[in-house]
Amino acid sequence: MFDKTGVATPEMLKEIVPSEERRKRGPYAVFECFQKIPCNPCQTSCKFGAVAVFQDINNTPQVDFEKCTGCGVCVSNCPGLAISIIDETYSENEATIKIPYELLPLPMVGQVVDALDREGQVIGKAQVIKVQSSKALNKTNAITIAVPKDQAMLVRNIGLGGN
Ligand code: SF4
Ligand code: SF4
């Protein structure tokens, strides 16, 4: 399943992204939740009914991309920090990525930060578009960044050290 680093492989990622046609229509959720664990806040927090954890709570969640609006509510509710929201329609050359972010301090809107891949390697720069700070104890802060479109499926974290 995972490679030896524990990072999802390209084959695994192919299974969880919507069709190219859907990707062109607007924001969508990417659930990088591959392990069978007893968990379903993604399902209970989605008011659009877009997430199904079929029959057994240990099953991995399935997203109905025709129902998913890319609202991002599930991002802050997922204890596994497994969900991101991608919007490839943001501009001609850039996509936005909303990611959960547990570190402090939070970045500022407009700040240029390091764009990190799943393994934590710096692969470019990103601009912070939105910062959502959650005061609820069981919810996670979320950061939206803009990156070059071809990095939309690569960038999954940020670093504040490289400004
Ligand atoms: S982004 Fe919104 S609509 Fe899509 S799965 Fe998450 S909560 Fe549901
Ligand atoms: S809330 Fe997160 S960790 Fe839990 S099942 Fe959903 S995607 Fe997986």
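Two residues are in contact when they have heavy atoms within 4.5 Å of each other. This is a predicted model, where local features need pLDDT of at least 70, side-chain atom pairs count only at pLDDT 80 or more, and totals for chains, interfaces and linings use all residues. Side-chain values use heavy atoms, with hydrogens and water left out, residues are numbered from 1 along each chain as its sequence is written, and chains are lettered from A and ligands numbered from 1 in the order in which they are written.

## Valine 30 and the cores

Let's start with valine 30. Leaving aside neighbours within four places in sequence, Val30 is in contact with Ile16, Val17, Ala82, Ile83, Ser84, Ile86, Met153 and Arg156.

Val30 also belongs to the largest nonpolar core, which has 25 residues. A nonpolar core is a set of buried (under 20% relative accessible area, 1.4 Å probe, protein chains only) Ala, Val, Leu, Ile, Met, Phe, Trp, Tyr and Cys residues joined through side-chain atoms within 4.5 Å. Val30, Ile86, Ile97, Ile143, Ile145 and Ile158 touch the most other members. Apart from this core lies another one of 14 residues, among them Ala29, Phe31, Cys74 and Ile85.

## Around the ligands

Now for the two ligands. Which residues are around ligand 1? They include Cys46, Phe48, Cys68, Cys71, Cys74 and Ile85, counting a residue if one of its heavy atoms lies within 4 Å. By class, this shell around ligand 1 has 7 nonpolar, 3 polar and no charged residues.

Around ligand 2 you'll find residues including Phe31, Cys33, Cys39, Cys42, Cys78 and Ile83. The shell of ligand 2 has 10 nonpolar, 1 polar and no charged residues, with Gly counted as polar and Cys and Pro as nonpolar.

How values were computed
Buried means under 20% relative accessible area, exposed over 50%, partly exposed in between (1.4 Å probe, protein chains only).
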